[in-house]
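Please look over the structure first.

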Amino acid sequence: MRGFFFLSALMASALSIADDAAPVEIAHRGASGYLPEHTLEAVAMAHALGADYIEQDVVMSSDGVPMVLHDVTLDATTDVAARFPGRAREDGRYYAIDFTLAELKSLAVRERFKPETGEPVFPGRYSGGLPVFRIATFEESLALVSGLNASTGRVAGVYPEIKRPGWHLAQGKDLGAAVVAMLDRFGYREKSDACFVQCFEFTEVRRLRESLGYRGKLIQLLGGSKPGEDGTDFVRFRTPEGLRELADWVDGIGPSLDSVVLGASPGERRITPLAAEARAAGLAVHPYTARTDSLPKWAADYADLIGVLKEAGVEGWFTDFPGLLR
Ligand code: CA
């Protein structure tokens, strides 16, 4: 019997070590593969499916409330055009920042669609007409995760993205400061807390560290070949020298899938040096975004995609389908 208990203890400790090293699954806009993105329903489902982290994209309302929305515009995920005709800007788009919290809360959220045609972006996804989904505030989303962590006894982290902070500042709104203040209220302050803040704009990443006093985990998102809105040089940040510079500011990078693995078919794919070079610089790598219904050309199916990411040795990934292979 003693031998059995010893073996069980050994196995339990080996398992916990394996768990610590296991890549983290980040529910991209909640369980957005199954329910309209960023709704509280999608957050609850992501939690129930076992996601390690749940992502919140954050933009601001006209009355300064941080809201969970991927776009600064409302056209592709709500009924704003029908509800508030005449409130679009000159470019024909409806901006969340032009609407109060009460107005935003009155909108119905639906599965992402093409505003020009009304067609769904992902045709196989949620298409129910009722119930009506609503936009969540950042506070509501954090409160829901916190409540579920307590009621289930399983802690899921949060993963907010500060959307277009320079644009928000130009509109007179300090989104970064509002996000940091809200995270502080929910106890997300240090690197040991279950939170990653992410941003595409390096100007904001520096500001988070230098003047906003954010000490928690931070991810520099990396775009393609074009510089970011604030001039962030993504191409340089993907080089060993750029990665070493980033390591002074952030804990990891969020690159696109195609900068971690390349190839026009599964047969001719190759893993790029990016993940290994980031690791050498001390940075975690969390690529975006794994989807069953929009696979990169180099992946045969979703399981193959995840298998290659594991082979590349990344520390986690964004997925619209949390829990799918669990
Ligand atoms: Ca995002």
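## Helix packing

Helix 2 (residues 40–48) packs against helix 5 at an angle of about 30 degrees, and their axes are 10 Å apart. Axes here are lines fitted to C-alpha atoms, for helices over the stretch in contact, and angles run from 0 to 180 degrees between N-to-C directions. Helices (H or I, at least four residues) and strands (E, at least two) are DSSP runs, numbered from the N terminus. This is a predicted model, in which local features need pLDDT of at least 70 and side-chain atom pairs count only at pLDDT 80 or more, while totals for chains, interfaces and linings use all residues. Residues are numbered from 1 along each chain as its sequence is written, and side-chain values use heavy atoms, with hydrogens and water left out.

Helix 2 and helix 5 are therefore roughly parallel to each other. Angles under 35 degrees count as roughly parallel, over 145 as roughly antiparallel, 65 to 115 as roughly perpendicular and the rest as oblique. The crossing of these two helices is right-handed. A crossing is right-handed if the near helix is turned clockwise from the far one by less than a right angle, and left-handed if anticlockwise.

On the helix 2 side, the contact is made by Leu-40, Val-43, Ala-44 and His-47. Helix 5 contributes Glu-140, Ser-141, Leu-144, Val-145, Leu-148, Asn-149 and Thr-152. Contact means heavy atoms within 4.5 Å. Sorted by class, the residues in this contact are 6 nonpolar, 4 polar and 1 charged. In this scheme Ala, Val, Leu, Ile, Met, Phe, Trp, Tyr, Cys and Pro count as nonpolar, Asp, Glu, Lys and Arg as charged, and the others, Gly among them, as polar.

Helix 5 (residues 138–152) also packs with helix 7 (residues 175–185), at an angle of about 30 degrees and with axes 11 Å apart. Helix 5 and helix 7 are therefore roughly parallel. Helix 5 passes helix 7 in a right-handed crossing. Phe-138, Glu-139 and Leu-142 of helix 5 meet Val-179, Met-182, Leu-183 and Arg-185 of helix 7. By class, this contact has 5 nonpolar, no polar and 2 charged residues.

## Backbone features

Most residues other than glycine have a negative phi, and most peptide bonds are trans. The bond from Leu-130 to Pro-131 is cis, with omega near 0 degrees. Pro-131 lies in the loop between helix 4 (101–105) and helix 5. A cis bond also runs from Tyr-288 to Thr-289, with omega near -10 degrees. Thr-289 belongs to the loop between strand 10 (284–285) and helix 13 (302–312).

His-38 has a positive phi, near 65 degrees, although it is not glycine. This residue is in the loop between strand 1 (24–27) and helix 2. Arg-164 also has a positive phi, near 45 degrees, and sits in the loop between strand 4 (157–162) and helix 6 (165–170).

Are these two residues buried or exposed, or partly exposed? His-38 is buried, with a relative accessible area of 4%, whereas Arg-164 is partly exposed, at 31%. Buried means under 20% relative accessible area, exposed over 50%, and partly exposed in between (1.4 Å probe, protein chains only).

## Cysteines

How many disulfides are there? The count comes to 0, where a disulfide is a pair of cysteine sulfur atoms within 2.5 Å. The sulfur of Cys-195 has its closest cysteine sulfur in Cys-199, 13 Å away, which is too far for a bond. Cys-195 is buried, at 1% relative accessibility. Cys-199 is buried too, with a relative accessible area of 0%.

## Residues in loops

| Pair | Apart along the chain | C-alpha to C-alpha |
|---|---|---|
| Ser-294 and Phe-122 | 172 residues | 8.4 Å |
| Ala-22 and Ala-88 | 66 residues | 46 Å |
| Arg-154 and Arg-269 | 115 residues | 37 Å |

Ser-294 is in the loop between strand 10 and helix 13 and is partly exposed, at 36% relative accessibility. Ala-22, in the loop between helix 1 (2–21) and strand 1, is partly exposed at 35%. Arg-154 lies in the loop between helix 5 and strand 4, and its relative accessible area of 27% makes it partly exposed. Not counting residues up to four places away in sequence, Arg-154 touches Ala-46, His-47, Gly-50, Ala-51, Leu-148 and Asn-149.
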